[in-house]
Amino acid sequence: MKDYIIHSEWKVIEEGFNPTNNRVSESIFSIGNGHTGQRANFEEKYSGDSLQGNYLAGVYYPDKTRVGWWKNGYPEYFAKILNAANWIGIHMEIEGEELDLATAAVRDFRRELDMRTALLTRSFVATMASGKQVEVVAKRFLSMKQQELGAIQYQLRSLNFSAAVQVTSFMDGDVMNEDSNYDEKFWDEVEKEAQGQEAFLCMRTKKTGFYACNGQHTRLRVDGKALDANPEVLQKEKQVATVFKLHLKEGEELLVEKFASMTSSLHYKKDVMMAHSKQAVQHAQQKGFDQLFAEHCQVWEKKWETADVEIKGDVAAQQGIRFNIFQLMQTYTGDDERLNIGPKGFTGEKYGGVTYWDTEAYCLPFFLGTAPEKVAKNLLMYRYKHLDKAIENAEKLGFYHGAALYPMVTINGEECHNEWEITFEEIHRNGAIAYAIYHYINYTGDRQYLAPYGFEVLLGISRFWAQRVNWSEAKQAYVMLGVTGPNEYENNVNNNFHTNKMAVWTLSYTLEVIEYIKRDHPYLFEEMIQKWKFNELQETAVWREIIDKMYFPYDEQSGLYLQQDGFLDKEILPVQQMNQEERPINQNWSWDRILRSCYIKQADTLQSFYWFQDEFDRETLTRHFDFYESLTVHESSLSPCVHGILAARIGRPEKSYELYLRTARLDLDDYNNDTEDGLHITSMAGTWMAFVESFGGMRVKNGQLLLDPFIPESWESYSFKLNYRGSHLEIQMSDELKITNHNPGSVSVTIWGKEYELVENQEVVLNKGIKI
């Protein structure tokens with residue numbers, strides 16, 4: 001755990017330059033706009049340790065899986081969002097000496113990310129080897145208004161010299177992914193050109209054939225006066241630059257403004273990309289930095305209006321949740337159903353930027369509560385559009401008759417994970433996708449999504465579950481063999497409770513959906529029977545038998561549902577009895593030792609208890625929470641939020657707060673010593689869940705919004721916003737509860753067990769169920 005980020009309500013601040021933290025900071029201070037993303041690399045040269053990262057949404061490469069063996073059905077590649085051309089480069093040379101913070105003496109270093117406006121600012125004073133001193137202030141943003149544009153202001157002041165200065169503003173497409181399985185470079189140059197203050201570079205990915213075109217316009221001012229410069233053009237393979245030469249006097253300030261465009265063939269035809277890039281750059285430089293930034297800020301202001309969470313009395317908690325919300329909003333905007341949310345977003349290479357079950361389990365609730373309904377719907381449509389691929393994936397593993405197995409990891413619908421125990425066995429992801437359909441409809445009331453989109457996905461998944469189980473004569477029950485649950489510290493187990501539970505629940509829910517379609521859309525149902533060759537009577541009879549006779553491992557003596565068969569054969573030692581210096585165990589223990597231990601990476605059995613908590617009484621929830629929480633090391637970023645919500649449900653506010661703070665500051669404090677690889681974007685949605693569902697007590701049950709709020713002892717007050725069925729609610733909690741509906745119409749809300757009808761602009765004030 002690190003603790004060098006200064007606590008602030010709206011800003012993320014680093015003071016002092018420590019090169020050992022640089023990769024962590026590059027992740028933390030990343031910026032993005034849903035279209036593109038950029039790690040917080042330096043504009044000037046940096047010869048120290050760094051992970052260069054510029055990413056274009058949806059542009060990927062199928063990197064050959066690096067294994068020495070192959071099995072039938074095994075993915076041939078691991079898809080990854082590529083490191084694209086570096087557009088931020090502004091190298092500075094003073095009398096031939098390069099400005100490089102790895103070799104200069106640095107003081108007054110400050111890096112600041114303003115979360116309200118997504119502006120990244122960096123300042124420092126550097127003394128170069130020659131003794132020359134410069135003061136630098138660099139600002140940049142990626143436009144949320146025009147998502148293909150980025151802008152930089154780079155100010156350099158001479159503190160003790162008059163000398164020749166050379167400014168090289170460049171774009172570099174000769175990049176690679178650090179995690180390339182065979183050290184390949186994935187880009188080929190298509191064309192480039194440069195003239196005057198502008199330069200353009202078009203690249204093409206190998207294999208997948210995506211095109212990406214970058215453009216730049218660079219202009220200089222000295223003490224506010226435009227520099228009448230005729231820059232030189234420098235061109236190398238996959239690189240293009242404009243080089244400015246000037247003389248800078250002591251005390252003078254040089255301002256470099258750089259406007260850049262980043263476009264891809266995901267959005268434009270290949271033959272017009274260069275022309276469009278030129279048009280975009282011209283548009284940007286004509287508007288200028290200040291106007292572009294003002295327009296960008298207006299978009300961010302609207303986002304915060306519906307998504308902000310305010311905490312009084314706890315700056316660490318406040319900064320943590322705003323940071324999480326900020327990163328989520330700049331990673332995914334929901335305006336393109338072809339895109340999804342990678343576990344690291346645009347902040348690093350790990351996990352390849354591809355889609356996991358994290359989206360359905362964690363991200364969907366956040367966007368349901370904070371964004372227009374279409375944003376969450378597009379996340380569902382992403383999976384619907386991949387249904388045919390999910391059926392192909394299942395066929396590769398021997399399934400048939402339209403059974404669908406959604407990939408554990410994907411970019412285009414194909415499975416592309418390269419670890420067998422995950423690729424073949426973590427089939428609980430199918431259940432998460434089914435649950436997301438239910439969650440969306442329960443929250444929004446949009447039952448029309450079921451006809452046919454939701455129904456078709458549920459049918460394919462249900463067919464998979466019906467084929468994946470088998471009958472055990474010994475147990476006289478259906479069992480599920482050879483799986484890996486959410487707890488990846490167990491592989492190839494039998495009868496994982498969560499997996500079995502998701503199978504039974506999906507089959508039950510699909511039966512409900514069939515009755516709805518038959519009743520409300522009979523003609524469509526007949527079409528679906530023909531399209532999918534659905535034998536309702538025969539297939540649903542099998543489903544009902546599985547529902548009635550599914551086996552769940554259970555220990556009578558303890559009254560516990562077991563994570564899987566044989567779990568109690570392990571030596572059960574609570575986490576607190578471990579040698580804490582050996583944590584995290586995934587960085588200190590052998591994999592063999594981890595697999596034989598009782599320790600749990602993340603919520604597994606408790607994931608089911610979280611999703612289906614209304615099926616269990618409080619005593620049962622408490623018994624299972626106490627047992628599994630004591631064995632959970634939370635070495636998955638997805639874990640603390642689920643445990644924290646359950647802690648609140650069973651009346652453990654202190655534990656709920658502890659787990660909330662861990663998930664809220666997971667990356668800011670680098671809890672698991674892995675932030676340098678990129679931020680944990682998808683688990684950040686779990687932070688919002690942990691806040692709203694723990695402290696706000698928010699749930700939707702049978703289409704009814706429920707609130708059961710409480711406030712942690714150390715807080716003065718808190719408030720959050722919630723979009724729900726056309727209403728925009730503001731919930732404020734201190735020694736009393738205020739809830740306001742800011743939208744037209746009315747909405748029914750059950751608060752502390754009592755139902756209230758809120759009309760437009762009505763404020764209800766309550767004190768634990770007593771209206772004031």
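**Close-up 1. Pro-452 sits in the loop between α8 (428–444) and α9.** What you're looking at is a predicted model, in which local features need pLDDT of at least 70, side-chain atom pairs count only at pLDDT 80 or more, and totals for chains, interfaces and linings use all residues. Residues are numbered from 1 along each chain as its sequence is written, and side-chain values use heavy atoms, leaving out hydrogens and water. As for the labels, helices (H or I, at least four residues) and strands (E, at least two) are DSSP runs, numbered from the N terminus. The thing to find here is the cis peptide bond between Ala-451 and Pro-452, with omega at about 5°. Most peptide bonds are trans, and most residues other than glycine have a negative phi.

**Close-up 2. Arg-583 and Pro-584 are also joined by a cis peptide bond.** Omega for this bond is about 0°. To locate Pro-584, follow the chain into the loop between β24 (560–561) and α13 (591–596).

**Close-up 3. Helix α6 (residues 387–396) has a buried set made up of Leu-387, Ala-390, Ile-391, Asn-393 and Ala-394.** Buried here means under 20% relative accessible area, while exposed means over 50% and partly exposed is in between (1.4 Å probe, protein chains only). Look down the axis of α6 and the buried residues fall within an arc of 155°, so they line one face of the helix. That arc is taken from the directions that run from the helix axis to the C-beta atoms. The cover over these buried residues includes α5 (373–385), α9 (453–468) and α11 (522–532). Just after α6 comes Gly-398, with a positive phi of about 100°.

**Close-up 4. Helices α4 (residues 358–370) and α18 (residues 681–695) pack with their axes 8 Å apart, at an angle of about 50°.** Axes are lines fitted to C-alpha atoms, for helices over the stretch in contact, and the angles between N-to-C directions run from 0 to 180 degrees. That makes α4 oblique to α18; angles under 35 degrees count as roughly parallel, over 145 as roughly antiparallel, 65 to 115 as roughly perpendicular, and the rest as oblique. From α4, the contact draws on Asp-358, Ala-361, Tyr-362, Cys-363, Pro-365, Phe-366, Gly-369 and Thr-370, and from α18 on Thr-682, Ala-685, Gly-686, Trp-688 and Met-689. Contact means heavy atoms within 4.5 Å. Sorted by class, the residues where α4 meets α18 are 8 nonpolar, 4 polar and 1 charged. For these classes, Ala, Val, Leu, Ile, Met, Phe, Trp, Tyr, Cys and Pro count as nonpolar, Asp, Glu, Lys and Arg as charged, and the others, Gly among them, as polar. The crossing of α4 and α18 is left-handed, which is the name used if the near helix is turned anticlockwise from the far one by less than a right angle (right-handed if clockwise).

**Close-up 5. Helix α4 packs with α5 as well, at an angle of about 155°.** Their axes are 8 Å apart, and α4 and α5 are therefore roughly antiparallel to each other. Thr-359, Glu-360, Leu-364, Phe-367 and Leu-368 are the α4 residues in this view, meeting Val-375, Ala-376, Leu-379, Leu-380 and Arg-383 of α5. The contact of α4 with α5 splits into 7 nonpolar, 1 polar and 2 charged residues.

**Close-up 6. Helices α3 (residues 315–331) and α17 (residues 653–664) pack at about 50°, their axes 8 Å apart.** α3 and α17 are therefore oblique to each other, and their crossing is left-handed. Where they meet, α3 brings Ala-316, Ala-317, Gly-320, Ile-321 and Asn-324, and α17 brings Tyr-660, Leu-661, Thr-663 and Ala-664. The contact of α3 with α17 has 6 nonpolar residues, 3 polar and no charged ones.

**Close-up 7. His-634 shows a positive phi, near 55°, in a residue other than glycine.** Look for His-634 in the loop between α15 (618–629) and α16 (639–649). Its relative accessibility is 5%, so His-634 counts as buried.

**Close-up 8. Trp-752 also has a positive phi, near 50°, without being a glycine.** The loop between β30 (746–751) and β31 (754–759) is where Trp-752 is found. With a relative accessible area of 18%, Trp-752 is buried.
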